[in-house]
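Welcome! Open your viewer, find the selection tool, and let's take a walk through this model together.

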Amino acid sequence: MAEQTGVLTGPPAPNGDTKVAPPRPSRFQGTLYRGREGMWSWVLHRITGVSIYFFLLVHILDTALVRVSPQAYNAVIGTYKHPIMGFGETALVAAIGFHALNGLRIILIDFWSQGTKHQRLMFWIVIALWVILLAGFVPRQMMNIFSE
Amino acid sequence: MTSSTIEAPRSPRPVARKRRVNWEKWGWLYMRGSGVLLIVLIAAHLFTNLIAGQGGVKAIDFAFVGGKWSNPFWKVWDTLLLWLALIHGSNGMRTIVNDYVSNPKVRKTMLIALLASSVVLLLLGTLVIYTFDPCPAGSLPSDLPSFCPAQ
């Protein structure tokens, strides 16, 4: 794991593997994965999770208005049709997309025997798939926001 | 034969404890199981509501919801979404509260608030889905789905 975490700087690993290059010195040396892909995926997973949670609370309540009256529901859903909310909706889909893809990465780290070994690569695969997903969604969403 | 006393071991024999349900383990598993299901549920939810219709969210109104919820398929779909997503989210928030709130009283209060709001929203949401009337009396016909009888 020396090449992944930058923790080990001492003698070669006990298994005699001398091919491992000494890790590049970094100002985060001595920490497990601070500042690396592992930390940022964790931070993003938390931030997106909390954001989606608070949207979910609002979304259950706004949908519950269908039980009050058609006018009440239409009035509230009308506020979602404002362009500013359209950008919020784009951010929501982006957050859900990251949380979903990184969630699959977490499941692979937990259940796949090679998961921890490839967690950094999988983070960049998550980012790549996320960019592709948004490349499909955002243009369509912008057309909807700016169409009359 | 001389009798010798054997010292009692330093650690007493552990009292056999009842095997308890490992809730943390089941919660951990739930996050992964519900997570995979939610990817499918939310993908279809977003596709039918934001992509498939004309104009995205602009196409959503009472008549749109009425049309969807006159189909039992979408009622079950949205019920699954409600329960799986809200429990997944509350359990995630529980983890975050446990991580950052060090004062035990504040922590307990927040966990209770989290549990209470989740129970209320689960009951409210389920009631709304299964007592929903797509053609409520006394509404403007222009607000209602096209299949509603003229009033």
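Before the first stop, one term: a salt bridge is a side-chain nitrogen of Lys or Arg within 4 Å of a carboxyl oxygen of Asp or Glu. Keep in mind, too, that this is a predicted model.

**Stop 1: a salt bridge**

Select A:Arg46 and B:Asp99 and show their side chains. These two form a salt bridge, and their closest N and O atoms are 2.4 Å apart. That distance falls within the 4 Å limit, so the pair qualifies. Between chain A and chain B the count is 2 salt bridges. Polar contacts between the chains come to 11 residue pairs, with both partners at pLDDT 80 or more.

**Stop 2: the side of chain A that touches chain B**

Now colour four helices of chain A: H2 (37-64), H3 (70-79), H4 (83-111) and H5 (119-146). Each of them supplies at least two residues of the side that touches chain B. Which helix gives the largest share? It is H2(A), with 12 residues. Sorted by class, this side of chain A has 23 nonpolar, 7 polar and 7 charged residues.

**Stop 3: the whole contact**

Zoom out to see both partners. Chain A brings 37 residues to the contact and chain B brings 43. About 3300 Å² is buried between the two chains, and carbon and sulfur atoms give 70% of that area. Within chain A, select A:Arg46, A:Tyr53 and A:Lys81: they lose the most area to chain B, together 18% of what that side buries.

**Stop 4: the nonpolar core**

In soluble globular proteins, nonpolar side chains tend to be buried together. Here the largest nonpolar core has 41 residues. Select A:Val66, A:Tyr73, B:Trp69 and B:Leu86, which have the most contacts inside this core. Helices H2, H3 and H4 of chain A each supply at least two of its residues, as do H1 (23-51), H2 (62-68), H3 (72-100) and H4 (104-130) of chain B. H3(B) gives the most, with 8 residues.

Stay with A:Tyr73. What does A:Tyr73 touch, leaving out residues up to four places away in sequence? In chain A the answer is Asp62, Thr63, Leu65 and Val66; in chain B it is Ile60, Asp61, Phe62 and Val65.

**Stop 5: chain A as a whole**

Of its 148 residues, 35% count as buried.

Notes: Residues numbered from 1 in each chain as written. Chains lettered and ligands numbered in written order. Heavy atoms only, no water. Contact = heavy atoms within 4.5 Å. Buried area = accessible area lost by both parts, 1.4 Å probe. Polar contact = N/O pair within 3.5 Å; in protein donor to acceptor, adjacent residues only side chain to side chain. Nonpolar A, V, L, I, M, F, W, Y, C, P; charged D, E, K, R; others polar. Core = buried A, V, L, I, M, F, W, Y, C linked by side-chain atoms within 4.5 Å. Buried < 20%, exposed > 50% of the residue type's maximum accessible area, 1.4 Å probe, protein only.
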